[in-house]
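Here are some questions about a pocket and a pair of helices. Each answer sets a value against its definition.

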Amino acid sequence: MALADFARQAEAERLAARLVIEGIGAEVWTAQQAATLLPASEPPVGPTVVVARGDHEHALTLAHLFAEVDAGVSEVAPPPQDLWHGSFLRLLVGVFAVSVLVSTVVVLLFAAV
């Protein structure tokens, strides 16, 4: 069954690779090949990710989760944050760690002289 069609080949290959990693057999078909799987009223736009009929529901769920993660709106896997956009405690720990590192370097430089 056709799962999703994309405008660019790289996007289709990325989704297919992610699905294969999750144990779902996925292939990328050209728009002409995938046109046989879809109704004539809804032809594919471009490269299409195709999965087995039995894997379609699971693959569709994973594709939606991957899209949420890529968009940065997933509650399951929020995007990583750098130190400056984290909590105040993380910022404080970071400043302390940098201070200790700088102090250690300064002490070692004076000891070497």
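Q: What makes up the lining of the largest pocket, by class?
A: The lining has 8 nonpolar, 1 polar and 4 charged residues. Ala, Val, Leu, Ile, Met, Phe, Trp, Tyr, Cys and Pro count as nonpolar, Asp, Glu, Lys and Arg as charged, and the others, Gly among them, as polar. This is a predicted model, and totals for linings use all residues, while local features need pLDDT of at least 70 and side-chain atom pairs 80 or more. Residues are numbered from 1 along each chain, and side-chain values use heavy atoms, without hydrogens and water.

Q: Which element gives the most to this lining?
A: Helix 3 does, with 6 residues.

Q: Why are helix 1 and helix 3 called oblique?
A: The axes of helix 1 (residues 9-21) and helix 3 (residues 56-71) cross at roughly 120° and come within 11 Å. Angles under 35 degrees count as roughly parallel, over 145 as roughly antiparallel, 65 to 115 as roughly perpendicular and the rest as oblique. The two helices are therefore oblique to each other.

Q: Which residues of helix 1 and helix 3 meet?
A: R14, L15, R18 and L19 in helix 1 meet A59, L62, A63, F66 and D70 in helix 3. Contact means heavy atoms within 4.5 Å. These contact residues divide into 6 nonpolar, no polar and 3 charged.

Key: Axes are lines fitted to C-alpha atoms, for helices over the stretch in contact, and angles run from 0 to 180 degrees between N-to-C directions. Helices (H or I, at least four residues) and strands (E, at least two) are DSSP runs, numbered from the N terminus.
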